[in-house]
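Work through the exercises below with the sequence and the model in view. Each task is followed by a solution in steps.

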Amino acid sequence: MRLMERSVGAVVFRERKELEFLLLRYGAGHWDFVKGNREKGERSKETLLRELKEETNLQEVELVDGFKERITYFFREGGGLVLKEVVFYLARLKNGEVQISFEHTDFGWFSYEECLKTLTFKTAKDVLKKAHNYLIKEEG
């Protein structure tokens, strides 16, 4: 049993009439961002790009410089507690259509307000707020 798990995730967005954020519905039923565990020897950004391709088939993204948000939480696995750390980056979609993997049951592009209502976990909502504020400040 692992005591600590490290993952990398992305707040993926595109610019239409307004900013839209990509959310995935996981098999357990919750809505969250693209994320996955780091594999041995991978750097964070390598994990991010691999997970993005595996989970959504998106490959043409631009990582937004200067945004990096870390969250930690506990979950139960095999009767024990696991500490999970997830580092999130901001990724602007340049091109491509989402094709979800077997790990997910649905996806959607949501406005900021819709995203806040749809995300399941408070930690994800906090990451979204920080990402949105960063985009407004940096690119506003």
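**Exercise 1. Surface and overall form**

Task: State what the accessible surface of the protein chain comes to, and what share of it belongs to carbon and sulfur atoms.

Solution. The accessible surface is about 8,100 Å², with areas taken from the Shrake-Rupley method with a 1.4 Å probe, where for residues only the protein chains shown count as cover. Carbon and sulfur atoms account for 47% of that surface. This is a predicted model, in which local features need pLDDT of at least 70, side-chain atom pairs count only at pLDDT 80 or more, and totals for chains, interfaces and linings use all residues. Residues are numbered from 1 along each chain as its sequence is written, and side-chain values use heavy atoms, with hydrogens and water left out.

Next, take the form of the chain. Along the principal axes, the C-alpha atoms fill a box of roughly 45 × 30 × 30 Å. Of the 140 residues, 48% count as buried (buried means under 20% relative accessible area, exposed over 50%, partly exposed in between, with a 1.4 Å probe and protein chains only).

**Exercise 2. Strand E1 and its partners**

Task: List the order of elements in the chain, then find which strands pair with E1 and in which sense.

Solution. Step one: there are 3 helices and 7 strands, and from the N terminus they run β-β-β-β-α-β-β-β-α-α. Helices (H or I, at least four residues) and strands (E, at least two) are DSSP runs, numbered from the N terminus.

Step two: look for pairing, which requires that DSSP finds at least two bridges between two strands.
- E1 and E6 (residues 80-95) pair in the parallel sense over 10 bridges; Val-12 stands opposite Ala-91 there.
- E1 and E4 (residues 34-37) are antiparallel, with 4 bridges; Ser-7 has Asn-37 as its bridge partner.
- E1 and E2 are antiparallel, with 3 bridges; Phe-13 has Phe-21 as its bridge partner. A hairpin of 3 residues joins these two strands.

Step three: check burial. In E1 (residues 4-15), 9 of the 12 residues are buried, so the strand is largely enclosed by the rest of the structure.

**Exercise 3. The surroundings of Leu-22**

Task: Decide whether Leu-22 is buried or exposed, and name residues in contact with Leu-22.

Solution. Leu-22 belongs to strand E2 (residues 19-26). Its relative accessible area is 1%, so Leu-22 is buried. Contact means heavy atoms within 4.5 Å. Leaving aside neighbours within four places in sequence, the contacts of Leu-22 include Val-12, Phe-33, Thr-56, Leu-58 and Trp-109. The C-alpha atoms of Leu-22 and Phe-110 are separated by 6.5 Å, with the two residues 88 apart along the chain. For the chain in general, 68% of contacts between residues at least 6 apart in sequence join residues at least 24 apart.

**Exercise 4. Two asparagines**

Task: Which element or loop holds Asn-57, and which holds Asn-133?

Solution. Asn-57 lies in the loop between helix H1 (44-56) and strand E5 (60-77). Asn-57 has a positive phi of about 65° although it is not a glycine, and is partly exposed at 32% relative accessible area. Asn-133 lies in helix H3 (residues 122-139) and is partly exposed at 48%.
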